[in-house]
Amino acid sequence: MTDRITIRRPDDWHVHLRDGAMLQAVAAHTARQFARAIVMPNLTPPVTDAAAAVAYRERIMAALPADADFTPLMTCYLTDAADAAAIADAHAAGVFTACKLYPAHATTNSAHGVTDIFRLAPVLERMQAIGMPLLIHGEVTDRDIDIFDREAVFVDRILSRLVREFPALKIVLEHITTAEAAAFVSEGPATLAATITPQHLIINRNALFDGGLRPHAYCLPVVKREKHRLAVRAAAVSGSPKFFLGTDSAPHVVGAKESGCGCAGIFNAPFALEAYLRVFDQEGALDKFEAFVSENGARFYGLPLNAGTITLVRGETPVPTIIGQGDTALVPFHAGETLGWRLVN
Ligand code: DOR
Ligand code: ZN
């Protein structure tokens, strides 16, 4: 049995670092494990231009110890007013790595999102020309579509058309949750990839109602039936270069989760690598772990692989029931459980 695994330093290709006190509270959890992270722009107000992204990047670095070896990769929140030239300039200047598509009202802080992505064709054409990835929250927002079907319907109605009309555009379907999304990405062109969160590998929709309503298992896209979890798991451990790590760690203070209208988001940053590694271990796929966490994403984005390594060892890792206090009290994914791996160094 392998009890120790040393791999190239990994990256998190989808994380919410928030701002202000919450940023101070959560940033180090990500920087401790990952060399780089794609930082989501759904702040209030959203990060829609280069000046806001540069200022936010500075706040992220200021929240970390001076010797932190961590690079935040910034994303542009697309709105109906997105401007192709401004986005291309910010990409050329090294400010924006990618653009994020939130369909309007799909999720947290998406009110300024895009009402019809095909009306942004000039932006997508420019991104395609310069090799700038489009990161997609892939859910339709129609109230009459069942919430458990919104991803599959998005793949069918929107993503398939995007892939057809923008054949050279790099697209990352973020946080996939369904067999339909896994199959579509798997069988799609090399320009199409997907991130996978720990929660969508580990829990199914029963976790939302396990003995009562469980707000800490609620995120968007919502966790699905067991057959979908198994399909997403199979994709993650398949060895396909189209799938890579994106935690979607999305902290909300405990009171905002345990509420009459609880916020969507699972705070998985503190033990993300341990959680992913346990999945690969359970699947007998430890040999596929390094590519998923440290190689596939960088290659897809066209960025260099990281130098340096990290080591995880088999061992009991108790997860606290709560992390932080007051305005930043957070219930982590796996709260109160014990994970079987531990990140050393
Ligand atoms: O669960 C989620 N939380 N899904 C998202 O798409 C947004 C995120 C957040 O920002 O809280
Ligand atoms: Zn997210």
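A polar side-chain atom of Arg 18 lies 2.7 Å from an oxygen atom of ligand 1, a polar contact being a pair of N or O atoms within 3.5 Å. The model is predicted, so that local features need pLDDT of at least 70 and side-chain atom pairs count only at pLDDT 80 or more, while totals for chains, interfaces and linings use all residues. Residues are numbered from 1 along each chain as its sequence is written, chains are lettered from A and ligands numbered from 1 in the order in which they are written, and side-chain values use heavy atoms, with hydrogens and water left out.

**Ligand 1**

- An N or O atom in the side chain of His 16 is 3.3 Å from an oxygen atom of ligand 1, and for a polar side-chain atom of His 137 the distance to a ligand oxygen is 3.2 Å.
- The protein covers 99% of the 290 Å² of accessible area that ligand 1 has on its own (Shrake-Rupley method, 1.4 Å probe).
- Around ligand 1 there are 13 residues, of which Arg 18, Asn 42, Thr 107, Leu 220 and His 252 come nearest (a residue is near if one of its heavy atoms lies within 4 Å).
- This shell divides into four nonpolar, seven polar and two charged residues, with Gly counted among the polar ones.

**Pockets**

- The largest pocket has a volume of about 360 Å³ (on a 1 Å grid, an open set of points with protein on both sides within 12 Å along at least five of seven lines, where a 1.4 Å probe fits, and lining residues have an atom within 4 Å of a point).
- Its lining has nine nonpolar, two polar and four charged residues.
- The second largest pocket has a volume of about 290 Å³.

Terms used. Polar contact = N/O pair within 3.5 Å; in protein donor to acceptor, adjacent residues only side chain to side chain. Points joined across faces, edges and corners; volume = space filled by probe spheres on them.
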